[in-house]
Amino acid sequence: MSLEKKQLRNIKIEMNYLDNPDGSVLIQMGKTKVICTAMIEDRVPFFLNNQGRGWITAEYSMLPGSTDRRKARDITRGKIDGRSQEIQRLIGRSLRTAVDMSKLGERTIWVDCDVIQADGGTRTAAITGGFMAMVIAINKLFEENKIKTNPILNFIAAVSVGISEDGAILDMCYEEDHKAIVDMNLVMTEEKQFIEIQGTGEERSFTREELDKILDLAEIGIEELIQIQKSELKDLKIFKQ
């Protein structure tokens, strides 16, 4: 791998983007834009009843105008798109690793990630922005004295990496992703521990050396994303206790 693209795409984050949710973020990475909202319900799924623990779940969708050809809504087809289902499970799994459910109380936090413009990396942007929306919602619980301690265990973020004919690529746009020989999505904590690795050799197999290279690249990107998250969230009351 001779050349590397080590920079994240241009990132813009607008916190409290919407009025109604308990937490909301508009995250833009390159041309990809995702609205992430978090809303709290004072109940949990039946399998957690009377256990004093909370739950976090996620839903993900791409809006009809997010791509160059209209994407039909799930309700039109009468069932959720398989890709969307897989991605929202990934988002939910990732967010749950970041929170001590026993400190959340018997509440469910719904994190909804709606892609309004797609140019690669929608699932990773959804995780990074969804975490921020969730933290804002948890901070609201703290400000209202509904929880007494900070349940957030770790900051988490996600990024795509790949290998092209020219070298390793961090935070791929759609064109780069489409041409990638190897395609990966990684979710990590601020302590540089992996939450999930999704990787595929699209056109060929890849070596251990190449794997190490793109894992290192992903770590650089996620570390930068987490620093951005911390900078945006630093004034929340929950981090000042």
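Entry 1: I began with glutamate 202, which is found in the loop between β10 and α5. For the element names, helices (H or I, at least four residues) and strands (E, at least two) are DSSP runs, numbered from the N terminus. Before going further I noted that this is a predicted model, where local features need pLDDT of at least 70 and side-chain atom pairs count only at pLDDT 80 or more, while totals for chains, interfaces and linings use all residues. Residues are numbered from 1 along each chain as its sequence is written, and side-chain values use heavy atoms, with hydrogens and water left out.

Is glutamate 202 buried or exposed, or partly exposed? At 45% relative accessibility, glutamate 202 counts as partly exposed.

**Entry 2: salt bridges.** Side chains of opposite charge can pair when their charged atoms come close. A salt bridge is a side-chain nitrogen of Lys or Arg within 4 Å of a carboxyl oxygen of Asp or Glu. How many salt bridges did I find in the whole structure? The search gave 13.

I looked at arginine 9 and aspartate 171, whose side chains form a salt bridge at 3.1 Å, N to O. Arginine 9 sits in the loop between β1 (3–5) and β2 (11–15) and aspartate 171 in the loop between β8 (167–170) and α4 (174–179), so this pair ties together parts that are 162 residues apart in sequence. Arginine 9 is buried at 11% relative accessible area, and aspartate 171 is buried at 0%.

Next I checked aspartate 42 and arginine 107, a salt bridge with its closest N and O atoms 3.5 Å apart. Aspartate 42 is in the loop between β4 (32–41) and β5 (55–62) and arginine 107 in the loop between α2 (82–96) and β6 (108–117), 65 residues apart, and the pair links these distant parts of the chain. Aspartate 42 is exposed at 61%, whereas arginine 107 is buried at 13%.

Then came glutamate 190 and lysine 230, which meet in a salt bridge at 2.7 Å, N to O. Glutamate 190 lies in the loop between β9 (182–189) and β10 (194–201), lysine 230 in helix α5 (residues 208–233), and 40 residues separate them. Glutamate 190 is partly exposed at 32%, and lysine 230 is partly exposed at 30%. I also found a network of salt bridges that links Lys192, Glu219 and Glu223.

Entry 3: Serine 160, in strand β7 (residues 156–163), is buried at 2%. Its side chain reaches the backbone nitrogen of methionine 172 at 2.9 Å.

Asparagine 150 is in the loop between α3 (122–143) and β7, and is buried at 19%. A polar atom of its side chain lies 2.9 Å from the backbone nitrogen of isoleucine 152.

**Entry 4: positive phi.** Which phi does asparagine 145 have? Asparagine 145 has a positive phi of about 60 degrees although it is not a glycine. This residue is in the loop between α3 and β7 and is exposed at 53%.

Methods. Buried < 20%, exposed > 50% of the residue type's maximum accessible area, 1.4 Å probe, protein only. Polar contact = N/O pair within 3.5 Å; in protein donor to acceptor, adjacent residues only side chain to side chain.
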